[in-house]
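Trainee: I'm new to this one. Please walk me through it.

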Amino acid sequence: MSQENKFNDLTKNDVLDCRELFLSADEALRLTDFCELEDLAVVGIEGGEYDGYAFTPDLDLIQDYSEPTTNDWPRFRTHCNKHARIFLTPFIGDRNRRFYMVIFSRNDMTLPT
């Protein structure tokens with residue numbers, strides 16, 4: 001499967017069924033774009049070293065966007081996905097790191113009123 005088509009066969013429900021995905025930064029950025037189109041938010045990222053067999057978390061590569069910054073889901077989703085892209089971009093092409101992505105839908109969040 002080509003990298004460009006990796007998420008073309010996924011549906012919004014497939015992503016929500018997985019809840020957490022283990023990806024390279026390149027894949028994680030493509031998934032973040034997919035989430036934006038499908039009205040999903042990347043609310044957490046945990047990165048670390050991956051040697052092909054074992055994953056070693058890196059405390060400097062943990063991001064948590066799950067604290068609602070607004071009661072407006074589209075703005076919150078866009079905020080989360082934007083910050084996920086900013087965080088992941090420096091790792092494009094890095095084959096030694098992988099990232100767990102935590103994905104939420106509007107129904108998963110309790111937004112402030």
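Mentor: Start with asparagine 107, which counts as exposed because its relative accessibility is 73%. Exposed means over 50% relative accessible area, buried under 20%, partly exposed in between, with a 1.4 Å probe and protein chains only. This is a predicted model: local features need pLDDT of at least 70, side-chain atom pairs count only at pLDDT 80 or more, and totals for chains, interfaces and linings use all residues. Residues are numbered from 1 along each chain as its sequence is written, and side-chain values use heavy atoms, with hydrogens and water left out.

Trainee: Where is asparagine 107 found?

Mentor: In the segment after β4 (97-105). Asparagine 107 is 34 residues from tryptophan 73 in sequence, and their C-alpha atoms are 9.7 Å apart.

Trainee: How many helices and strands does the chain have?

Mentor: Three helices and four strands. These are DSSP runs, numbered from the N terminus: helices are H or I with at least four residues, strands E with at least two. From the N terminus on, the order is α-β-α-β-β-α-β.

Trainee: Which element has the lowest mean pLDDT?

Mentor: Helix α1 (residues 12-18), at 61; α3 has the highest, 95. pLDDT is the predictor's confidence in each residue, from 0 to 100. The chain's mean is 83, and 77% of its residues reach 70 or more. Over residues 1-5, pLDDT stays under 50, and the model has three contacts there beyond four places in sequence. Contact means heavy atoms within 4.5 Å.

Trainee: New topic. At what angle do α2 and α3 cross?

Mentor: Roughly 165°, with the axes of α2 (residues 25-37) and α3 (residues 73-88) coming within 10 Å. Axes are lines fitted to C-alpha atoms, for helices over the stretch in contact, and angles run from 0 to 180 degrees between N-to-C directions. The two helices are therefore roughly antiparallel. That label needs over 145 degrees; under 35 is roughly parallel, 65 to 115 roughly perpendicular and the rest oblique.

Trainee: Which residues make the contact?

Mentor: From α2, Ala25, Ala28, Leu29, Thr32, Asp33, Cys35 and Glu36; from α3, Arg77, Thr78, Asn81, Ala84, Arg85 and Leu88. They divide into six nonpolar, three polar and four charged. Ala, Val, Leu, Ile, Met, Phe, Trp, Tyr, Cys and Pro count as nonpolar, Asp, Glu, Lys and Arg as charged, and the others, Gly among them, as polar.

Trainee: Is asparagine 81 buried or exposed?

Mentor: Buried, because its relative accessible area is 0%. Asparagine 81 lies in α3. Leaving out residues up to four places away in sequence, asparagine 81 touches Thr32, Cys35, Glu36, Leu40, Ala41 and Val42.

Trainee: And why does phenylalanine 76 count as buried?

Mentor: Because its relative accessibility is 0%. Tyrosine 65 is 11 residues away from phenylalanine 76 in sequence and 9.1 Å away in space, C-alpha to C-alpha.

Trainee: What about the whole chain: how much of it counts as buried?

Mentor: 39% of the 113 residues. Of the contacts with a separation of 6 or more, 73% join residues 24 or more positions apart.

Trainee: Last one. What is phi of aspartate 39?

Mentor: Near 65°, a positive value in a residue other than glycine. Most residues other than glycine have a negative phi. Aspartate 39 is in the loop between α2 and β2 (40-50).
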